[in-house]
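Hello,

Here is the structure I promised to pass on. My notes follow below it.

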Amino acid sequence: MVVPRVQAAIAQAFGEEFRDTDPVVRPSQFADIQINAAMAIAKKVGLPPRDAAARIVEALELDGLCTGVEISGPGFINLTFDGTWIEELLNAQASQPQGGPETPAQRVVVDYSSPNVAKEMHVGHLRTTVVGDSLVRVLEALGHTVIRQNHIGDWGTPFGMLIEHWLEIGEDSPEAALLVEDPSAFYQAARAKFDGDADFATRARLRVVSLQSAHEETLEVWQRLVDHSKVYFNAIYATLGVSLEDDHIAGESSYDPHLAQLCQELEERGLARISEGALCTFPAGFTGRDGEPLPLIIRKSDGGYGYATTDLATIRYRVQELHADRILYVVGAPQNVHLRMVFESAREAGWLPDSVEATHVQIGNVLGEDGKILKSRSGTPVKLMALLDEAVDRARAVVDASRPELPEEERAVTARQVGIGAVKYADLSTGHDTEYVFDFDRMLALSGNTGPYVQYAAARIRSILRKAGEAEASTTAGAAAGEPAAGSPAEGVPAAGAAAGARIAVVEPAERALALHLLEYGATLRRVGELLEPHRLCAYLFELSQLFTAFYDQCPVLKADESVRQSRLALCAVVLHRLSEGLDLLGIETPENM
Ligand code: ARG
């Protein structure tokens with residue numbers, strides 16, 4: 001609401017180069033909000049901070065929005081809004097979907113999840129999956145066209161050994177079932193044969209050749225192997241409630257037919273040259289320790305293609321065939337140099353025009369309590385499914401203890417929503433590029449910036465609205481079938497009665513703080529879409545939950561006089577709507593009861 005106006009004022013006062021400066025808008029003790037940016041700007045432009053603040057105030061277009069504008073202390077700008085204005089806006093927004101891009105809608109290709117066939121999805125994949133899925137949801141809510149791309153690792157030399165192993169054990173054997181139940185074990189078994197049995201290793205190598213020359217039977221077996229792995233991926237996606245489907249898979253194999261030509265073209269155009277037997281590009285700006293240009297190997301000396309070659313092909317495909325305006329690679333942080341080199345090579349080849357933005361959304365590591373990459377006790381990679389099951393089991397214990405009166409079936413559903421929600425929220429609420437420690441107790445806590453805390457706030461409102469609906473139904477029983485809040489903002493809420501449509505009056509300080517925060521929702525979403533940072537949405541929802549709790553402590557709802565009651569119920573309904581919509585954009589469900 002206010003942020004874009006403050007940004008415009010800063011740009012007007014100090015020049016366009018300051019437009020993207022964070023205006024540092026914070027709640028204020030003495031007014032509705034304070035703007036803290038003047039101090040930092042003052043330092044940059046060499047002005048006394050209060051003078052810098054005065055310039056911002058002068059340029060600030062508030063046309064009747066504020067009843068008080070004040071510069072205080074070292075250069076804080078305190079704004080007090082006009083109560084009528086807050087009410088008008090809130091009531092107008094209550095009935096409208098938020099989002100809607102300020103910039104024209106774009107076609108955004110999002111590469112995320114991207115696990116590897118016949119391998120366990122590790123917690124790193126959990127994170128690219130969860131963060132990527134939240135980003136696609138937010139970008140869609142902002143009106144962009146999103147194209148999901150699951151770049152699975154389904155090609156390369158290990159497939160010779162995997163196929164041979166598969167043929168040897170037979171499709172219907174228990175070992176083959178491992179591909180779905182314990183992919184690491186399947187891989188390890190194949191690997192052990194490869195390392196210990198020279199004949200097998202020879203056959204595996206020959207199998208690579210026949211796979212690469214598209215030998216029909218080999219391709220068929222390969223396809224079956226990939227299909228089994230998809231069953232495993234899809235089981236994880238279903239458990240997580242992730243929006244990826246088979247149609248979104250465009251694995252490494254799908255680019256293979258284009259790699260030879262791609263290399264040839266780069267070589268002919270003088271963009272790639274042979275270095276120590278391998279064909280390499282040398283993207284500008286990348287040098288090794290010795291100061292020499294860093295090579296990006298696109299064809300190995302044995303003629304094979306690698307990860308870089310496929311990734312160059314992804315860019316060309318996404319720009320030329322998918323017509324992307326923006327491409328996001330939601331991929332582990334350690335792959336940053338690789339991706340930046342690929343982007344630069346693609347720019348130099350003209351496959352990534354300046355008009356298309358390519359971004360590596362860096363995903364930080366998930367650590368165990370020992371501060372090292374999360375591993376199971378025995379040191380093997382953690383099984384993702386077991387981890388998710390444990391989250392649900394733990395949540396189940398909490399729900400059983402706190403809500404024993406709920407039907408068994410509902411407790412099971414709630415436990416799933418809370419357990420999975422907690423894992424996803426913990427992932428999303430940390431900056432995606434920072435590491436975090438996987439800690440069940442912390443993520444499942446009912447206090448602090450956690451999934452369960454936000455879910456609890458929403459479930460609590462659902463219960464308030466249900467009670468209001470029941471009270472209303474009993475008083476209006478027999479009367480014109482008490483309109484069941486159709487099309488009300490609080491979807492799925494039984495008869496919040498007229499409340500959902502009632503006009504909200506913003507009177508008490510707690511109502512005012514809540515209202516002001518609600519008004520920031522649209523701007524928050526746009527910021528998340530721009531900066532690709534779901535943790536900002538978590539922070540927003542956490543604060544909304546806290547402000548709601550404060551409001552509910554200070555302002556009676558069900559027991560208030562009729563007109564106040566209607567207004568406060570309507571306010572509750574808007575908060576619920578934003579909470580459940582926000583959670584949904586994080587890919588998290590809102591329990592009915594908690
Ligand atoms: N399969 C890769 C891995 O597990 C991730 C692929 C990411 N996407 C890409 N276009 N490189 O590390």
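**Ligand site**

Helix α12 (307-320) and strand β10 (326-332) each supply at least two residues of the shell around the ligand. Helices (H or I, at least four residues) and strands (E, at least two) are DSSP runs, numbered from the N terminus. Please note that this is a predicted model: local features need pLDDT of at least 70, side-chain atom pairs count only at pLDDT 80 or more, and totals for chains, interfaces and linings use all residues. Residues are numbered from 1 along each chain as its sequence is written, and side-chain values use heavy atoms, with hydrogens and water left out.

The residues around the ligand include Asp111, Ser114, Asn116, Tyr307 and Val331 (a heavy atom within 4 Å).

- Aspartate 111: a polar side-chain atom lies 2.8 Å from a ligand nitrogen.
- Serine 114: a polar backbone atom is 3.0 Å from a ligand nitrogen.
- Asparagine 116: a side-chain N or O atom is 2.8 Å from a ligand nitrogen.

On its own the ligand has 350 Å² of accessible area, and the protein covers 89% of that (Shrake-Rupley method, 1.4 Å probe).

**Histidine 517**

This residue sits in helix α18 (residues 509-519). Histidine 517 counts as buried because its relative accessibility is 9% (buried means under 20%, with a 1.4 Å probe and protein chains only). Leaving out residues up to four places away in sequence, histidine 517 touches Tyr540, Glu543, Leu544 and Leu547 (heavy atoms within 4.5 Å).

Best wishes

Technical notes: Buried means under 20% relative accessible area, exposed over 50%, partly exposed in between (1.4 Å probe, protein chains only). A polar contact is a pair of N or O atoms within 3.5 Å; within protein, one must be able to donate a hydrogen and the other to accept it, and residues adjacent in sequence count only if both atoms are side-chain atoms.
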